[in-house]
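User: I want to learn how to read cores and salt bridges in a model. Can you walk me through one?

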Amino acid sequence: MAASLHFFHLLLLISFFLCNLNLSQAKPSHPPNGLIFHVTKDVSTLQYMTTIHHDTPLVPTKLVVDLGGPFLWLNCGSSSSSSRLISQGSIQCLAAKPKTHDQGSKNYLSSNDHNKKNKKNKCHVFLENSITQMAAQGDLVQDIMAVQVIDGSSKTESGSITTLDSNFLFSCAPMFLLNGLASGARGMLGLGRTQISMTSQISTKLSSKLQFMLCLSSSNGVILHNNGHFGSEISNSLTYTYTPLLTNQHEYFINLKYIKISGKRLSLNKEDFREGIKLSTTVPYTTMESSVYVTFTRAYEQAAMAMNMTRVAPVAPFGLCFSSEQAEGRGVGPKVPAIDLVLQSEMVKWRIHGRNSVVQVTNQVMCLGFLDGGSDLKTSIVIGGYQLEDTLLHFDLSASVLGFSSQTSCSDLRLLDFALKDSL
């Protein structure tokens, strides 16, 4: 018995040593099969968090996932010996500076307001905290970036933290831009459609197709990048529905023709959706322009009454709540009216079941997880994180299409389970 315990402790020490060795290992001699970012949900802010490693020595850094963000920005430390400023007029600076924002519509503060020693030869980029809508100017830099590897070969251990790039581009942000982010977060991880987004830089490094998979969860979510050799088993085991991604700068928009609740089409103005609807990970619940919200909630209430659901007093921030005491549970959540987003045609629908449409706020009350965004909402409908949870999203940017499958939960993915086991 004592010998067994000694052996177990020895294994723990070896595992600890290898884990620390992985954090400092050099760039692999061959591109890994894939990279994984584990995503958790902060319970107080409902923001989705992931971790990268950067600086020299490598430091774990928590970031808020911003699906439509143009690039990675963070509040940089001053201790990195490998960080290098990008100069104005360089190729890297030009790649980082497409016109991606309407700066006049943001609460913009120049970094000059906080740093009087600003030099003219630095490459400055426009930064935005998409949660608070605060914006600033930051310095574009390059530094070592390390992430978790998924690999089927013997050359690189799956689950290890491996240097992705010693010239990874991101921006240093002033401290005030962290206001509104989850505790411990030092910035935001942008997955948007730009040349220096995390997605684009990883694709270049892996010499792979410009694509990624996203599966949000209240517990174990994941962002996956692969070079085509990893993840095919999961992809082939699920049925995807594909819809075009609309061209709208760096964010992700899809078509919407109309909405159905319990099979009945809502009477909405088609012009409200002319520019599509947006997908967001920084909006916790789907948000609608006021006129759309009123029509939507009225139709939902009628469908709920037809199912003998009992309406109760609303619980903030929600406007429509029901008793959940008699609600029947099933694999896709409580039995409530089904919501269908009819996309480019009647044949292409995104069905939102109970697990993504209602929020259990107390033991007796559940609320419709859609919010009134006011009459000035720029986009008529923004699909929020809660409605995206446990839906495997395939962003194929090369083909400019989005695939989605809600056949399983993120935590049940064999791909995720494999990665979690190998990372222990």
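This is a predicted model: local features need pLDDT of at least 70, side-chain atom pairs count only at pLDDT 80 or more; totals for chains, interfaces and linings use all residues.

User: Which residues touch the most other members of the largest nonpolar core?

Analyst: The general idea: in soluble globular proteins, nonpolar side chains tend to be buried together. A nonpolar core is a set of buried Ala, Val, Leu, Ile, Met, Phe, Trp, Tyr and Cys residues joined through side-chain atoms within 4.5 Å. Buried means under 20% relative accessible area, exposed over 50%, partly exposed in between (1.4 Å probe, protein chains only). Here the largest core has 67 residues, and Leu72, Ile339, Leu341, Trp350 and Phe395 touch the most other members.

User: Which helix gives the most to this core?

Analyst: Helix 5 (residues 290-306) does, with six residues. Helices (H or I, at least four residues) and strands (E, at least two) are DSSP runs, numbered from the N terminus. The core also draws at least three residues from each of domain 1 (34-98 + 121-237) and domain 2 (241-404). Those bounds come from an automatic or database domain assignment.

User: What is Leu341 in contact with?

Analyst: Contact means heavy atoms within 4.5 Å. Leaving aside neighbours within four places in sequence, the partners of Leu341 include Leu256, Tyr258, Ile277, Lys349 and Trp350. A second, separate core has 23 residues, among them Cys123 and Leu178.

User: How many salt bridges does the structure hold?

Analyst: Nine. A salt bridge is a side-chain nitrogen of Lys or Arg within 4 Å of a carboxyl oxygen of Asp or Glu. One joins Glu251 and Lys278 (3.3 Å, N to O). Glu251 sits in the loop between strand 13 (241-246) and strand 14 (252-254), and Lys278 in strand 17 (residues 277-279), 27 residues apart.

User: Is Lys278 buried or exposed?

Analyst: Lys278 is buried, at 17% relative accessible area. Glu251, at 25%, counts as partly exposed.

User: Where is the Arg311 and Glu301 pair?

Analyst: Arg311 is in strand 19 (residues 311-312) and Glu301 in helix 5, ten residues apart. Their side chains meet at 2.9 Å, N to O.

User: Which residues form a network of salt bridges?

Analyst: Lys260, Glu346 and Lys349 are linked that way. Within it, Lys349 and Glu346 meet at 3.3 Å, N to O. Lys349 is partly exposed at 33%, and Glu346 is partly exposed at 33%.

Key: Residues are numbered from 1 along each chain as its sequence is written. Side-chain values use heavy atoms; hydrogens and water are left out.
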